[in-house]
Amino acid sequence: MRLLTIPRNGPEISDAIISFDPETLERKPVTKAEVIREFISLGNETAARIVEKIPERGGTLDPDTVDRLLITAHCELQRMSEEFQHGQRVAELLMPLLNALRSSGIEKPIRIVDIGCGTGFVVRWLVANGSLGKDVELIGADYNAALIREAKRLAEIERLPCSFVVANAFRLDHPAAIYISTGILHHFRGQGLIELFKQHNREETRAFVHFDFQPSPLAPLGSWLFHAVRMREPLSRHDGVLSAVRAHKSRDLLEAAKTAAPDFVSAIYGTRLWGLPIPRVFHTLVGIRPDYRKGFLEYMGNRIASLGLME
Amino acid sequence: MILLVLWALATVDAAFIGYREAAGRSALINKRAYYRNAMTRGALFGQIAVVIAGITITLLILLSSEPAKLVDELQAAGSRMLIVYVPYTLFIFLAVALRAVPSVDLQSIASVLIFGPFTFIRPIIVVAGVVWGFLAAPNLATLLLGVIILTLMLGLGRVIGKFRVNKIIS
């Protein structure tokens, strides 16, 4: 129950216990005492206690333990994604986007890059279910080498033709036509969110689809309940609840996208269930080049009712 | 009949325990066989619990000075337990049926409104059923049986978890 009182400010534990050089992507040691001190100064005793239990090596958090912990947390997170049919949701929104791009004669293959893919659930699901078509290339990118190794291992076991790279998703040799992400937007605050959206401003990029938690009065309680019954790792429970607590509002996401990526028309998809005043767990920021807007809206079919004004 | 229904409910519950214990541990995409095995394993572990409860009941009846009366009391307790457990199970089956509908929203609603909250309140339902049954015939025998059933129902997941920790199951 203590999780319900987590302070809204401050990082998630999974952000705080690992650090990378943004230029070289080299992993940097994380001083355990500093992380604990930070959480205590933010009034987040729960997070401090969880970090306290992570073994250290010469004062820094043991990287192997941290990797194992994050892989476990991603595995538990995948269970939630499966329960809420997230793979299907992503596919249902990507299909009209892809059809709009195809009908305009876009160069093949159409490259989709999943930003911060973790262990690559979305990419692997899309490939395993073959729902997007053979002219689509799916790549997962993440800073965390351990998560990428795990994504590759899992893809190999199931012989799934997709790639995973330790990289900044926006600095790949071949940029994406469509960038997608799940649950990463709330990790970026203020100017950080603007900078993230600015990265979409490259010629090759035609669209982006970002799924994230939707804030609502019931979201923290619902998130707490689900994480309490579905997650085993205290880190998963903590970060899951905090994600719901500090999720961005739809209008804030839209405003940031319009400010930072003005060459795209953007809208929020799926805020309400069947048009009723029932909020969905996730909402989706969709952006597309104006040239493809008409085609996208046509291919959306009945789903267009769940799409906000795209401008 | 009451015993038969209780056995069926215990088996279904144990199968779901097996599922929950396995969930979130495999990150593969295609997990049908994995979950089928997990539910079968749970149901089989449930049979061990049923046998333990059955042995306890048999011993209680054999050791009772009034076995016929005790059988009546246990039946009364069992039928009251069903009043609690059957509606709960029907809601779970409703959620399972909703999950079969090919709509991501309906499937999510099944999770949000039934699977999640009902998993959360399961320990309360387990205790409520046993207490309600005990109140039909409050005596030492039903108390002892109630405690054993509670321990089995609430501890089964942990037992399966121990097997996994010790790498007896994977």
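A: Happy to! Let's begin with A:Arg111 and A:Glu137, whose side chains form a salt bridge with an N to O distance of 2.8 Å; bear in mind that this is a predicted model. The two partners connect distant parts of the chain, with A:Arg111 in strand β5 (residues 110–115) and A:Glu137 in strand β6 (residues 136–142), 26 residues apart. A:Arg111 is buried because its relative accessible area, 16%, falls under 20%. A:Glu137, at 25%, is partly exposed.

Next comes a network: A:Glu12, A:Asp15 and A:Arg246 are joined by salt bridges that share partners. Within it, the side chains of A:Asp15 and A:Arg246 meet at 3.8 Å, N to O. A:Asp15 sits in helix α1 (residues 13–16) and A:Arg246 in the loop between α10 and α11, so this pair ties together parts 231 residues apart in sequence. A:Asp15 is partly exposed at 33% relative accessibility, while A:Arg246 is buried at 4%. Beyond its neighbours within four places in sequence, A:Arg246 has contacts that include A:Arg8, A:Gly10, A:Pro11, A:His186, A:His187 and A:Arg189.

Two of those contacts, A:Arg8 and A:Arg189, also belong to a surface patch of positive charge, together with A:Lys249 and A:Arg251. A:Arg251 lies in helix α11 and is exposed, with a relative accessible area of 58%.

One more pair deserves a visit: A:Arg57 and A:Asp62 form a salt bridge, with their closest N and O atoms 2.5 Å apart. Here A:Arg57 is partly exposed at 48%, whereas A:Asp62 is buried at 9%. Over all chains, the structure holds 21 salt bridges.

Technical notes. Residues numbered from 1 in each chain as written. Chains lettered and ligands numbered in written order. Predicted model: local features only at pLDDT ≥ 70, side-chain atom pairs only at ≥ 80, totals over all residues. Heavy atoms only, no water. Buried < 20%, exposed > 50% of the residue type's maximum accessible area, 1.4 Å probe, protein only. Contact = heavy atoms within 4.5 Å. Patch = residues over 30% accessible without salt bridge, like charges linked within 9 Å, V, L, I, M, F, W, Y side chains within 5 Å. Areas by Shrake-Rupley, 256 points an atom, 1.4 Å probe, with all protein chains shown as cover. Salt bridge = Lys/Arg side-chain N within 4 Å of Asp/Glu carboxyl O. Lys, Arg positive; Asp, Glu negative; His and termini not counted. Charge placed at Lys NZ, Arg CZ, Asp CG, Glu CD. Helix = DSSP H or I, 4+ residues; strand = E, 2+ residues; numbered from the N terminus.
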